[in-house]
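Trainee: I would like to go through this structure with you and test each label against its definition. Shall we start?

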There are 2 protein chains.
Amino acid sequence: MTMQTLNAKMANAIRFLSADAVQKAKSGHPGMPLGMADVATVLFTRFLKFDASAPRWADRDRFVLSAGHGSMLLYSLGYLLGYSDITLDEVKNFRQLNARTAGHPEYGHVSLAETTTGPLGQGITNAVGFALAEKMLAARYGKAAVDHFTYVIAGDGCLMEGISQEAIAMAGHWKLNKLIVLWDDNSICIDGDVALATSEDQHARFRAAGWNTLAVDGHDQDAVAAAIETARSSDKPTMIACKTVIGFGAPTLAGTEKTHGAPLGDTELAGMRDKLGWPHAPFEIPEDVLSAWRAAGARGAAARAEWDARVAALPADVKAAFDAALSGALPQGWDAGLTALKEKAIAEKTKVATRKASQMALEVIVPALPTIVGGSADLTHSNLTVTKDMKSVLPDAMGGNYIHYGVREHGMASVMNGLALHGGFIPYGGTFLVFTDYARPAIRMAALMGIRTIYVMTHDSIGLGEDGPTHQPVEHVASLRAMPNLLVFRPADVVETAECWQISLENATGPSLLALSRQNLPCLRDDASVNLSAKGAYVLSETDGARDVTLLASGSEVEIAVKARDLLAARGVKAAVVSMPCWELFDAQPVAYRKAVLGDAPRVAVEALSTFGWDRYTGLDGAVIGMTGFGASAPAEKLYELFGITADAVAAKAEELVKA
Amino acid sequence: MTMQTLNAKMANAIRFLSADAVQKAKSGHPGMPLGMADVATVLFTRFLKFDASAPRWADRDRFVLSAGHGSMLLYSLGYLLGYSDITLDEVKNFRQLNARTAGHPEYGHVSLAETTTGPLGQGITNAVGFALAEKMLAARYGKAAVDHFTYVIAGDGCLMEGISQEAIAMAGHWKLNKLIVLWDDNSICIDGDVALATSEDQHARFRAAGWNTLAVDGHDQDAVAAAIETARSSDKPTMIACKTVIGFGAPTLAGTEKTHGAPLGDTELAGMRDKLGWPHAPFEIPEDVLSAWRAAGARGAAARAEWDARVAALPADVKAAFDAALSGALPQGWDAGLTALKEKAIAEKTKVATRKASQMALEVIVPALPTIVGGSADLTHSNLTVTKDMKSVLPDAMGGNYIHYGVREHGMASVMNGLALHGGFIPYGGTFLVFTDYARPAIRMAALMGIRTIYVMTHDSIGLGEDGPTHQPVEHVASLRAMPNLLVFRPADVVETAECWQISLENATGPSLLALSRQNLPCLRDDASVNLSAKGAYVLSETDGARDVTLLASGSEVEIAVKARDLLAARGVKAAVVSMPCWELFDAQPVAYRKAVLGDAPRVAVEALSTFGWDRYTGLDGAVIGMTGFGASAPAEKLYELFGITADAVAAKAEELVKA
């Protein structure tokens, strides 16, 4: 058997494992694994630096299957290469309950999934984050410690998504020359021929953003190898257009959209066995082919040993810093500055916008956390996301810790996911809260993967004033509270802002979002000895004796609730004030705590946002004062009046309930 | 005075009105109006086809200020050109409560705002919709009726957004040669020099997508005119890079990001008066300059008269169809097919997925509504958005009524906004419900503007099964219900699906979204004489005598509620079943109706989605059965079991409440 034949068989092993698993599951996407099997074979057997026996080796090359529907490509590779978390049984259980081999590759399910993919465009943008992380880590700790490539397989669908343009623009700008995108150029999309929907010259498009591009026959393994070799020595990121046939080998369906998202069927599969000369039963891989694959899976062991030695030989301080960065742990005593900030704010009754409070928190957090990386989608001086000591990350200055993402909210959030997934960084990024909508698919991916990213979302209500309804969030906080595994914070003053930053940084199993005011807010807390925000909600101001009413509020409206309490007191009505900076954390408290905080008296909630969702705390007998429509353009105080979100209105509603 | 000088003064009139209004408002964005004043002067005085006395003239050229923060440019133009809805008082009241001159241009506030802009990238994509609408209408009714250009002013921010790439790709693909984008190429973004965040060659990028590009000095009015002249005769869309100085004329701040989003200040303004030779007081426009502008505002009257004559001379049937299309009204009896569909479904107990039911509805709607235009973001055969008679809209076949948007959910929704705003079309478009996240900023714009767009969002729960959590919506319906002015429908069977389509089409003051199942659902209704979905919720199945419990459900879970009712009946518990296809419509019903539907008995809600928001109907004493985390990859029925969303679980919870 010639080497060429063995290589072809190795690719066919991917094809049949993939097509047979889809057939057995009666569900899945065979077209892409069949089309890209040759490219994947070349990449994994000749180039990718990895060790199947140590999947999380820190300096491994990253591989991202951006076209996540082709998940069986990844699972086939995992089994063939000898990854212990993808057994043949797992392959046979593709898409079944409790299998690791989920419909789309899921981070944490199989070690080969560096990130969860499926929603198109996310993978390629995460990969920009991986490649950026690599370059930034290398700048900090040296090439001896960090020196790897990031490879992506992306389809036409990925490249049509707007987020991919943001990713391509950023990668070109940052000169991420160790990022290599293998485009599955098969001319087919789900509706049919890609020409139905696009006429772009992808080569010209990538080149316009500062990339190299190459084109090869994606079924000519040596040509693919030569292209990857060229790409690896480039000073720019490289896109390799791999011309392939979707569903390669399927006798009647190859080259059509019919192979994309449905099992091929028994007849077509039998014909494919004939056509490709593969007499083996489903899930049966001939010994020579499996050995060759297993050898490929083990070939990185030497490189890993060399890396171990290099890292062991690093100067002690560099090694310690590098290990600490990779661990993700927060250094001992990192929060001392926050404690001091809170005490000072209480002593000085500091009145600032919570976006400013956030910047004050960052001024003490950033020096204490070397792994933190900030940024903004071109609203740095509005979001107040930068501190005096931060240095910009720029194409030729990768040692910085502040990223100018440009007006690319979606790309920012997805690159942040890549930075967090890579290891070595805790990313935060800012924009206006209203523009979380632009970033929402990537925020969801962070929540689904359970990774630590922090969103600094300012101008969080009609309180932003004159910019008007296009810029005033109304439904955004509710819509984010509805998202699983995302902590949504809306702090009321400097103390709560510092508390929420602390919780966000300590929350290593999911993203956190801070909704911050544009307008100044008084310091409401007089004690910061306990992080009360960590309970999600707490009694800011209790009544003397039984409550007549409980006022619930978050963020900028806690001040209004406090004023309403005073108005009510003058009328002989006893009102407690509950600050609720984080619903998710409150809902996780024991019933007894929640009952004690909410009390038995009628409840009035106030928030200058959509009232949607508040019934959970007010019940049907309570009241919610907030927004039921869009905002308007005018100075903030006029808008609070216009929409009736005032201490007077809260007091009047509370009195009405008390008297009812 | 030479002509040149007058032109320069006309541009300066824009500059001073804009800068003085921002100064008076103590808020706003002077940089862009100052930078683009020359370009705008050329466009509005020499090219744009419009008539200030008839702002809604159907064949006017469309002008979109995609960089919506430069709203004072538009308001200055409006006043100078003599639009009656922008008086000098309105200019002086910029950004104040109840002024038409909102912080960002708002559709419906001033006639010059063809669309609401501000969230970057939306305007340029709406403009693609305008230009597409023009081409499609011309194909249907002839160039005598429809023949206009669409002009856009876009900044660096717009072009960095991913959605702009989707827009550029679509415009190039469709060869929208009457679309002309004037790029305010000022090299400044909010963080500072655009080089902080981008290194793209914009010319190459546009050309890669099939555009022409030109470059001019944006302060040389004759050069700008020559470029626009060239662009107008192109067979491709054209991008003209207008090299400008942001804040042109500001003596110390011009060319810096400091002019972008804050008043210049009195000193800078005084210096600008010196520098530009403008001795006039704020809001004072010299008579010669104002007359020249007013003449420009009136110069389109002749063209409009000619158009009137051409349309009057159209063949009667063409004219009637054209007038009907522009009116937006639904033809008499258009819904007869829906009535027949409902009756047939009841008679035959049709069991289909609601996505299929939607296609069955479209089969009878499309032939009855010539203005409907369908499409999908490359999921046509999954969304079932196409009907047998529809024809694809393709670059050289603009007479069709089905658009292949490609994998561009955001671009699709924003182009749909453009189609709806232009007039002549009712657009609908499909993708998976989970990907509403990608389109959310554009859906919000439709809701804010109150325009008729219809989203066909299929695979609406864990019921999609094997594709897993990346593709399973959980929080999406809640997050959409939180959005003002959007009707969110989740029909339970064929009858409700037909009813919801009818309401969506008749809802001319806002967008509607249909959340539809992948899986088959039985026909639950036995009477379709009244559109019960129009009340938002209704009693599908009442008890004989007083209710012990009320079961609330929407969509695919109504079937589960009905089964739970039967289980409960066997145990002697009387349960009513309420179907709630649309919360927004239910909330708009009179209190008495709502009380009667919800009843006094304990309530259990069931929905295979986030439980977020249901407390509004169940109260704190009721129960909600649904999702509290992300889904998983497995066959649908296994997932319903796994997450406990079953008739057994509903019945058990109901019994528990009844016995409590």
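Trainee: What makes Lys49(B) and Asp59(B) a salt bridge?

Mentor: Keep in mind that this is a predicted model. The closest N and O atoms of Lys49(B) and Asp59(B) are 2.9 Å apart. The cut-off is 4 Å, between a side-chain nitrogen of Lys or Arg and a carboxyl oxygen of Asp or Glu. The pair therefore qualifies. Both residues lie in the loop between α2 and β1 (62–65) of chain B, so the bridge ties together parts that are 10 residues apart in sequence. Lys49(B) and Asp59(B) are both buried.

Trainee: Why is the pair Asp38(B) and Arg15(B) called a salt bridge?

Mentor: The N to O distance is 2.7 Å. The limit is 4 Å, so the label holds. Asp38(B) sits in helix α2 (residues 31–47) and Arg15(B) in helix α1 (residues 3–25) of chain B, so the bridge ties together parts 23 residues apart in sequence. Asp38(B) and Arg15(B) are buried.

Trainee: Why is Lys388(A) called exposed, and what is Glu363(A) counted as?

Mentor: Lys388(A) has a relative accessible area of 68%. Glu363(A) is at 22%. Buried needs under 20%, so Glu363(A) counts as partly exposed. The two side chains meet in a salt bridge at 3.2 Å, N to O. Lys388(A) is in the loop between α16 (380–383) and β10 (392–393) of chain A, and Glu363(A) is in helix α15 (residues 354–368), so parts 25 residues apart in sequence are tied together.

Trainee: How do you know that the copies meet through the same surface?

Mentor: Of the interface residues of chain A, 99% are also interface residues in chain B, so the surface is the same. In contact are 98 residues of chain A and 97 of chain B.

Trainee: How much area is buried between chain A and chain B?

Mentor: About 8,000 Å², with 59% from carbon and sulfur atoms. In chain A, Tyr438(A), Arg444(A) and Phe612(A) lose the most area to chain B, together 10% of what that side buries.

Trainee: Which residue of chain B does Arg444(A) meet in a salt bridge?

Mentor: Glu475(B), at 2.7 Å, N to O. The count between chain A and chain B is six salt bridges.

Note on methods. Residues are numbered from 1 along each chain as its sequence is written. Chains are lettered from A and ligands numbered from 1 in the order in which they are written. This is a predicted model: local features need pLDDT of at least 70, side-chain atom pairs count only at pLDDT 80 or more; totals for chains, interfaces and linings use all residues. Side-chain values use heavy atoms; hydrogens and water are left out. Contact means heavy atoms within 4.5 Å. Buried area is the accessible area (1.4 Å probe) that two parts lose on being put together, summed over both. Helices (H or I, at least four residues) and strands (E, at least two) are DSSP runs, numbered from the N terminus. Buried means under 20% relative accessible area, exposed over 50%, partly exposed in between (1.4 Å probe, protein chains only).
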